[in-house]
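Okay, thanks everyone for coming. Let's have a look at today's structure together.

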Amino acid sequence: RRTALAARVPLESSTMRPHPPSDEVEVFGLRGVLQTHRGPAPIEMHGYRRDDNGLVPVDEPRVYELLGQRLSAKAVKDYGAADRAREALREMGVDVFDSSRIWRVRGGTREFNARLTQLAQSRQLSACRAAYSAGEALADSRSHAILIDAHAACGDGQGARDALAAMSAS
């Protein structure tokens, strides 16, 4: 099979090979084939990048390998293989956003803050404090602000002041 991918890679060759072997990927640019690569598209070809704070551990080489397999499969219209690669990524806790060429690991700061917000809005102060303590490694300034708001919404002015002092100290 012949696979064509559009990518930003350095111009190495402007000659086009007429019949590449079935497991090679030809990357096309303005002047024809820029590069021929054997196997899944490497990171620099597919251009995906991690877009979270990196605190949640994940096997990044495996993520990039699956992203390359997925992109290569889509290029040859093997959507079943592309779906299997995406499902493998989901099982690893990775969400892929094709339009912006980014990926994120679930369980990061965004999800943490969403959970805190949900607890704060439902005025579950003790649950909000417990969730904050359990996930403090994921906390950012927004997390602190949510916790302070939760204390204030529940009428715990001293707790809000203590949370503000802890935020200022960190």
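So, how exposed is Cys154? Cys154 counts as partly exposed, at 33% relative accessibility. The cut-offs here: buried is under 20% relative accessible area, exposed is over 50%, and partly exposed is in between, with a 1.4 Å probe and protein chains only.

Quick word on what you're seeing: this is a predicted model, where local features need pLDDT of at least 70, side-chain atom pairs count only at pLDDT 80 or more, and totals for chains, interfaces and linings use all residues. Residues are numbered from 1 along each chain as its sequence is written, and side-chain values use heavy atoms, with hydrogens and water left out.

Now Cys128, which is buried at 0% relative accessibility. Its sulfur sits 8.3 Å from the closest cysteine sulfur, the one in Cys154, and that's too far for a bond. Take a disulfide as a pair of cysteine sulfur atoms within 2.5 Å, and the count comes to 0.

On to helix 3, residues 79-91. Helices here are DSSP runs of H or I, at least four residues, and strands are runs of E, at least two, numbered from the N terminus. Which residues of helix 3 are buried? They're Ala81, Ala82, Ala85, Arg86 and Leu89.

Last stop: after helix 3 comes Gly93, with a positive phi near 90°.

Notes. The expected span of a helix is 1.5 Å times one less than its number of residues.
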